[in-house]
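Please keep the view open while reading.

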Amino acid sequence: MAKIIIPTPLRKFTNNLATIEVEAINIRESINALSSLFPDLKKQILDDAGEIRQFVRIYLGDEDIKVLNNEKTPVTHDAVISIVPAIAGGISD
Amino acid sequence: MKLVLNKDLMDKMVDHAIESYPMECCGFVFGKEQPDGRILSEVHRAPNNQSGDQRRRFEIDPLDYLKAERYALENGITLLGIYHSHPDHPAVPSIHDLKQAVPFFSYLILAAKKGQVDNITSWQLLENEFEEEKITIENRIETLN
């Protein structure tokens, strides 16, 4: 089963679980499986159109799925998927 | 929420802010969450990946973030937040900090000037607004073990 690492800011939606294992053949199925397990997490990752939110990145291993095949990227049984929130900021203009 | 850390960790963040001046620095804070507050045990520097003006903005590479989460998992600690500096600006969150903030994290801000840091504050996003956290410096922190 593929393992999904949940970032600490989103663990309140997974009963504080840091990793979740899902059975899936690609990234899209992995996210759907995760959303089924934790419905409140879904809207944190996907927008109303079902697309991955602008400030969220999905990594397979060390690769951004954007440089792979996006949500169609295949996952193997030993895959490690990470949900990564964008971290940025700075002083006022 | 109370944030407890020792002087060594504070010095590491201060040194980073001073070395990076006039650019913004950034990094991760790790530790454990306890009922009465957060106990920091480690701070790690992260490169400022901002492609624009690093004197006014910081950005953490998603891969650096991912590695920080992995490090926390491997070491039985929690990634509790992010620190960054505000060169020549006060240690209060800006509108840019608010736009990019995620709930749960402690956001430590260091007000940096040339060769010194004037003030350090910590903030947490609650109901779309920042609430300041009380920072407590302790010489020894033994509650982690």
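A:Asn15 sits in the loop between strand 1 and strand 2 of chain A. In this predicted model, its phi is near 55 degrees, a positive value in a residue other than glycine. A:Asn15 is exposed, with a relative accessible area of 66%.

The loop between strand 1 and strand 2 of chain A also holds A:Ala18. Is A:Ala18 buried or exposed? A:Ala18 is buried, at 17% relative accessible area; the cut-off for buried is under 20%. Leaving aside residues up to four places away in sequence, A:Ala18 touches A:Ile4, A:Ile5, A:Ile6 and A:Arg11 of chain A, and B:Leu73 of chain B.

B:Phe104 has a positive phi of about 85 degrees, although it is not a glycine. B:Phe104 lies in the loop between helix 3 (95-100) and strand 6 of chain B. The peptide bond from B:Tyr21 to B:Pro22 is cis, with omega near 10 degrees. B:Pro22 is in the loop between helix 1 and strand 2 of chain B.

**The sheet of chain A**

Chain A has an open sheet of 5 strands in the order 2-1-5-3-4, with mixed pairing. Strand 2 and strand 4 (63-64) of chain A are at the edges, each with a single partner strand, so one side of each has no neighbour in the sheet.

Strand 2 of chain A has two faces. A:Ile20 and A:Val22 are on the covered face, while A:Thr19 and A:Glu21 are on the uncovered one.

| Strand pair | Bridges | A bridge partner pair |
|---|---|---|
| Strand 1 and strand 2 of chain A | 4 bridges | A:Ile4 and A:Ile20 |
| Strand 3 and strand 5 of chain A | 5 bridges | A:Leu60 and A:Ile81 |
| Strand 7 and strand 8 of chain B | 5 bridges | B:Gln124 and B:Glu131 |

**Helices on that sheet**

Helix 1 of chain A lies across strand 1, strand 2, strand 3 and strand 5 of chain A. This helix runs at about 115 degrees to strand 2 of chain A. At its start, a side-chain oxygen of A:Asn26 reaches to within 3.2 Å of the backbone nitrogen of A:Arg28.

Which residues of helix 1 (residues 27-37) of chain A are buried? They are A:Ile27, A:Ser30, A:Ile31, A:Leu34 and A:Ser35. Seen down the axis of helix 1 of chain A, these buried residues fall within an arc of 135 degrees, so they line one face of the helix. Their cover includes strand 1 (2-5), strand 2 (19-22), helix 2 (39-45), strand 3 (56-60) and strand 5 (80-85) of chain A.

Chain B also reaches the sheet of chain A. Helix 2 of chain B lies across strand 1, strand 2, strand 3 and strand 5 of chain A, running at about 115 degrees to strand 5 of chain A.

**The barrel of chain B**

Chain B has a closed barrel of 7 strands, running 1-3-2-5-6-7-8, with mixed pairing. The twist averages 35 degrees from one strand to the next. Helix 1 (residues 7-20) of chain B packs on this sheet, and its direction makes about 35 degrees with that of strand 3 of chain B. Helix 2 (residues 62-74) of chain B packs on the sheet too, touching strand 2, strand 3 and strand 5 of chain B. The direction of helix 2 of chain B makes about 30 degrees with that of strand 2 of chain B.

B:Thr121 lies in strand 7 of chain B. At 7% relative accessibility, B:Thr121 is buried. Its side chain reaches the backbone oxygen of B:Ala91 at 2.5 Å. Contacts of B:Thr121, not counting residues up to four places away in sequence, include B:Tyr107, B:Leu108, B:Ile109, B:Glu132 and B:Ile135.

**Cores**

In soluble globular proteins, nonpolar side chains tend to be buried together. Here the largest nonpolar core has 45 residues. B:Met13, B:Phe28, B:Ile60 and B:Phe105 have the most contacts inside it. Strand 6 of chain B gives the largest share of this core, 6 residues. Another core lies apart from it, with 23 residues, among them A:Ile4, A:Phe13, A:Ala24 and A:Ile65.

B:Ile60 also touches chain A. Beyond residues up to four places away in sequence, its contacts include A:Ile87, B:Phe28, B:Tyr65 and B:Ile82.

Conventions:
Residues numbered from 1 in each chain as written. Chains lettered and ligands numbered in written order. Predicted model: local features only at pLDDT ≥ 70, side-chain atom pairs only at ≥ 80, totals over all residues. Heavy atoms only, no water. Pairing = 2+ DSSP bridges. Axes fitted to C-alpha atoms, helices over the stretch in contact; angles between N-to-C directions. Contact = heavy atoms within 4.5 Å. Buried < 20%, exposed > 50% of the residue type's maximum accessible area, 1.4 Å probe, protein only. Arc of directions from axis to C-beta. Polar contact = N/O pair within 3.5 Å; in protein donor to acceptor, adjacent residues only side chain to side chain. Core = buried A, V, L, I, M, F, W, Y, C linked by side-chain atoms within 4.5 Å.
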